[in-house]
Amino acid sequence: EDALLERAFRPESHVFRDWRSGRALFRAKVKGPYEERFGAPVCNVHRADLHDVLRMRLPEQIVRLNARCVGVEQTSSGASITFADGSHHSADAVIGADGIRSFIRGHLFGAESPRFTGNVTYRFTIPTASLPPGFIEPEITNWLGPGGHIVHYYVRRGALVNVVAVHESGEWTEESWTTHGSREELHQIYKGWHPSLHQLFEHAHECFKWGLFDREPLPRWTSGRVTLLGDAAHPMLPFLGQGAAMAIEDGVALGVLFNEQSHRDIGALLLDYEALRRERTARAQIGSRARAKENHLRSPLARFRRNAKFRLRQLFNPEATLHAGEWLYRYDVVSACRDRI
């Protein structure tokens, strides 16, 4: 935790803003209240920094890159995987943590294409030093507009601003993390949005875009000594900010069960893991879809009703979280595992 906090940025608040006027629709203070209520701070972390913190705690040479899985086998006493280069690896169990287009998932339950959700995302980072002082407030800011939304926040102790711009689109044909977008596209898509956002777009010197996909919740994840973790099991839209969080909870759950119940049958342990995680992750998947609809309301009347609901919540429940997310933040995965054991 200390290593992570050294690289993170701790925002003061979480804010919804109107796409055109910039008016704050709802503000939830997070720095201070979240530690008191949920036992941990809100941190904005660059994904590469998170990877590095995790990697530093691993034994040397335990991570092998460029090793694509092309085969899985299991017996009553073990499991094995085959890599694209022809090599094999045997173990007590296989955990398929291989993403939304998981080979392991397809092996267990048959091939099925992810569902394009009708959303395309543009992402870019901006060095804070290149922006006017104080241009970006120390908050997680979510601009809600017709058919899209834009989020920005600091990462890397405030040295970078991360910008995520989402808009609804009828189709997406390319699945890639390296497709380039442009400032011109951003200006056109978000024409009429607040001028400060267009000022941000001017700093998008390298911008990537990709389609957002998800899948329906699985009724089961496990077969014998093989199971799934993270996006392989429960890919979700990013609108609750829980995709990586759910994967980390999965990993903690497996760690607790294997550490504290190592004498038990592997298959039974994996079924316990699945039973512990399936309902919670499915709720996050469905909740993320619902959040997309609320963020992107096109009807002025629907937006007025939504904004009125925000005002009432701010008035009568000022300690509420932005996404009614208490059920997410109060959860203690270690305690949940031990209660099941």
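A nonpolar core is taken here as a set of buried Ala, Val, Leu, Ile, Met, Phe, Trp, Tyr and Cys residues joined through side-chain atoms within 4.5 Å, where buried means under 20% relative accessible area, exposed over 50% and partly exposed in between (1.4 Å probe, protein chains only). The structure is a predicted model, in which local features need pLDDT of at least 70 and side-chain atom pairs count only at pLDDT 80 or more, whereas totals for chains, interfaces and linings use all residues. Residues are numbered from 1 along each chain as its sequence is written, and side-chain values use heavy atoms, with hydrogens and water left out.

The largest nonpolar core has 28 residues, of which Ile 104, Leu 228 and Tyr 273 touch the most other members. Two or more residues each come from strand S3 (69-74), strand S4 (79-83), helix H4 (103-109), strand S12 (226-228), H7, H8 and helix H11 (333-340); helices (H or I, at least four residues) and strands (E, at least two) are DSSP runs, numbered from the N terminus. H8 makes the greatest contribution to this core, with 5 residues. With residues up to four places away in sequence not counted, Tyr 273 touches Trp 221, Thr 227, Leu 228, Leu 229, Asp 250, Ala 253, Leu 254 and Leu 257; contact means heavy atoms within 4.5 Å. In soluble globular proteins, nonpolar side chains tend to be buried together.

Axes are lines fitted to C-alpha atoms, for helices over the stretch in contact, and angles run from 0 to 180 degrees between N-to-C directions. The axes of helix H7 (residues 243-260) and helix H8 (residues 266-295) come within 10 Å and cross at roughly 155 degrees. H7 is therefore roughly antiparallel to H8, given that angles under 35 degrees count as roughly parallel, over 145 as roughly antiparallel, 65 to 115 as roughly perpendicular and the rest as oblique. The H7 and H8 crossing is right-handed; a crossing is left-handed if the near helix is turned anticlockwise from the far one by less than a right angle, and right-handed if clockwise. On the H7 side, the contact is formed by Met 246, Glu 249, Asp 250, Ala 253, Leu 254, Leu 257 and Phe 258, which meet residues of H8 including Ile 266, Leu 269, Tyr 273, Leu 276 and Arg 280. By class, 11 nonpolar, 1 polar and 5 charged residues take part in the contact of H7 with H8. For this count, Ala, Val, Leu, Ile, Met, Phe, Trp, Tyr, Cys and Pro are nonpolar, Asp, Glu, Lys and Arg are charged, and the others, Gly among them, are polar.

H7 also packs on H11, at an angle of about 40 degrees and with the axes 9 Å apart. H7 is therefore oblique to H11, and the crossing of this pair is right-handed. Glu 249, Val 252, Ala 253, Val 256 and Glu 260 in H7 are in contact with Val 333, Val 334, Cys 337 and Arg 338 in H11. The contact of H7 with H11 comprises 6 nonpolar, no polar and 3 charged residues.

For H8 and H11, the packing angle is about 130 degrees and the axes are 11 Å apart. These two helices are therefore oblique to each other, with a right-handed crossing. Asp 272, Ala 275, Leu 276 and Arg 277 in H8 meet Val 333, Ala 336, Cys 337 and Arg 340 in H11. This contact of H8 with H11 has 5 nonpolar, no polar and 3 charged residues.

Phe 9 lies in the loop between helix H1 (2-7) and strand S1 (13-18) and is buried, with a relative accessible area of 17%. Apart from residues up to four places away in sequence, Phe 9 touches Val 42, Cys 43, Asn 44, Pro 138, Tyr 154, Val 155, Arg 157 and Gly 158.

Arg 157 is placed in the loop between S9 and S10, as is Arg 156, in the loop between strand S9 (148-155) and strand S10 (160-168). Most residues other than glycine have a negative phi. Arg 156, although not a glycine, has a positive phi of about 50 degrees, and Arg 157, also not a glycine, has a positive phi of about 60 degrees. Arg 156 is partly exposed, with a relative accessible area of 33%, whereas Arg 157 is exposed, at 59%.
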